[in-house]
Amino acid sequence: MIKLKNVYKEYKTKDKNIVALKDINLNIKNGEIYGIIGLSGAGKSTLIRTINRLENVDKGNIYINDIDITNLNKKELLKTRKKIGMIFQHFDLLSSKNVFHNVAFPLQIAKVDKNEISKRVNDLLELVGLSDKKYAYPSQLSGGQKQRVAIARALANKPNLLLSDEATSALDPETTKSILELLRKLQKTLNLTIIMITHEMEVVKRTCDKVAVMENGEIVEKGNVDEVFFNP
Ligand code: ADP
Ligand code: ADP
């Protein structure tokens, strides 16, 4: 479903060029939870951001269901992006909007009909276990609850791909566990594909089917989690 072929990207800064991605090749199947693990600066964030074109690549191709997204016009890009949700370490909720309106926001932008918005938001809040917090504001929520809101918002436009950028890194171990369980449940019930970047081995072991290990812009190892992290 998602295929990266010889992807290369560098950041040009005043004094030097930083190679962030070096000849990346990756195949991710529909419905897989694919972990990308590595130290800070390895290129994980750049990699995941190329998949929804928050970053452009210098060389190589990225295919989503056989469509090369490195070459789309603006209209096609917006259409592709609607099918991709993203969640972040610091949740990025709108503090002036309550839970209901945070989740409704991308649907209002997409000009979805009001009754449909209401139905979809209520369904999503139920799915992430937050129906009772509909009228709360982000400042009134715990970190785990905020991430649940962010997940509901990321799923509002019914994407089939969810990108997770260190989504549990700001959470304590117990809350991390519950968010990872939620992501597993969503993968199953919605047949989502999830690409998850993290610097924590535990997160990958607990949640992912496959993993790629990144170092200095390169994938140095990839495969099934139990093979890559085999402990004799
Ligand atoms: P990770 O997510 O694994 O921490 P990143 O993809 O954020 O890695 O960064 C990879 C490399 O690219 C690092 O050396 C980082 O400093 C550099 N980098 C990231 N973003 C930029 C940018 N906007 N401008 C210049 N260099 C950047
Ligand atoms: P606006 O059009 O000004 O954005 P809405 O009519 O969408 O306002 O919503 C008004 C209030 O009702 C908001 O506080 C919102 O949180 C709440 N609300 C709207 N629809 C629902 C719903 N289906 N369930 C619960 N609360 C809702």
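Trainee: Which residue follows H3, and what is its phi?

Mentor: Lys111 follows H3, and its phi is positive, near 55°. Keep in mind that this is a predicted model.

Trainee: And after H1, which residue has a positive phi?

Mentor: That is Arg53, with a phi near 60°.

Trainee: Back to H3. Which of its residues are buried?

Mentor: H3 covers residues 99-109, and the buried ones are Val99, Phe100, Asn102, Val103, Ala104, Pro106 and Leu107.

Trainee: What do they pack against?

Mentor: Two helices: H4, residues 114-127, and H5, residues 143-154.

Trainee: What happens at the start of H3?

Mentor: Asn98 has a side-chain oxygen that comes to within 3.2 Å of the backbone nitrogen of Phe100. Asn98 and Phe100 also both belong to the surroundings of ligand 2.

Trainee: Which other residues surround ligand 2?

Mentor: His101, Lys114, Ser118, Asn122, Lys134 and Tyr135.

Trainee: Which helix gives the most to that shell?

Mentor: H4, with three residues. H3 and H4 each supply at least two.

Trainee: How does the shell around ligand 2 divide by class?

Mentor: Two nonpolar, four polar and two charged residues.

Trainee: Which side chains have polar atoms by the nitrogen atoms of ligand 2?

Mentor: Ser118 has a polar side-chain atom 2.2 Å from a nitrogen atom of ligand 2. For Lys134, a side-chain N or O atom is 3.4 Å from a nitrogen atom of the ligand. On the oxygen side, Lys114 places a side-chain N or O atom 3.2 Å from an oxygen atom of ligand 2.

Trainee: How much of ligand 2 does the protein bury?

Mentor: 53% of the 560 Å² that ligand 2 exposes when taken alone.

Trainee: How much of ligand 1 is buried by the protein?

Mentor: Taken alone, ligand 1 exposes 560 Å², and the protein buries 62% of that.

Trainee: Which elements give two or more residues to its shell?

Mentor: Strand S2, residues 17-28, and helix H1, residues 44-51. H1 gives the most, with three residues. The residues around the ligand include Lys44, Ser45 and Thr46, as well as Tyr11, Thr13, Ile18 and Ala20.

Trainee: And by class, what is in that shell?

Mentor: Five nonpolar, six polar and one charged.

Trainee: Why call H1 largely enclosed?

Mentor: Because six of its eight residues are buried. They are Lys44, Thr46, Leu47, Ile48, Thr50 and Ile51.

Trainee: Is Thr198 buried or exposed?

Mentor: Buried, with a relative accessible area of 2%; the cut-off for buried is under 20%. Its side chain reaches the backbone nitrogen of Glu200 at 2.9 Å.

Trainee: How far is Thr198 from Val128?

Mentor: 70 residues in sequence and 21 Å in space, C-alpha to C-alpha.

Trainee: Switching to Glu10. Buried or exposed?

Mentor: Glu10 counts as buried because its relative accessible area of 17% is under 20%. Glu10 sits in strand S1, residues 2-12.

Trainee: Which side chains make polar contacts with that of Glu10?

Mentor: Tyr8 at 2.9 Å, and Asn17 at 3.5 Å. Outside four places in sequence, the contacts of Glu10 are Asn17, Ile18, Val19, Ala20 and Asp58. Of those, Ile18 and Ala20 are also around ligand 1.

Trainee: Last topic, the largest nonpolar core. How many residues, and which have the most contacts inside it?

Mentor: 45 residues, with Ile87, Val121, Ile151, Leu183 and Met196 having the most contacts inside it. Apart from that core lies another of 27 residues, among them Val7, Ala42, Leu161 and Leu163.

Trainee: What does Val121 touch?

Mentor: Leaving out residues up to four places away in sequence, Val121 touches Phe100, Val103, Ala104 and Leu107.

Terms used. Residues numbered from 1 in each chain as written. Chains lettered and ligands numbered in written order. Predicted model: local features only at pLDDT ≥ 70, side-chain atom pairs only at ≥ 80, totals over all residues. Heavy atoms only, no water. Helix = DSSP H or I, 4+ residues; strand = E, 2+ residues; numbered from the N terminus. Buried < 20%, exposed > 50% of the residue type's maximum accessible area, 1.4 Å probe, protein only. Polar contact = N/O pair within 3.5 Å; in protein donor to acceptor, adjacent residues only side chain to side chain. Contact = heavy atoms within 4.5 Å. Near = heavy atom within 4 Å. Areas by Shrake-Rupley, 256 points an atom, 1.4 Å probe, with all protein chains shown as cover. Nonpolar A, V, L, I, M, F, W, Y, C, P; charged D, E, K, R; others polar. Core = buried A, V, L, I, M, F, W, Y, C linked by side-chain atoms within 4.5 Å.
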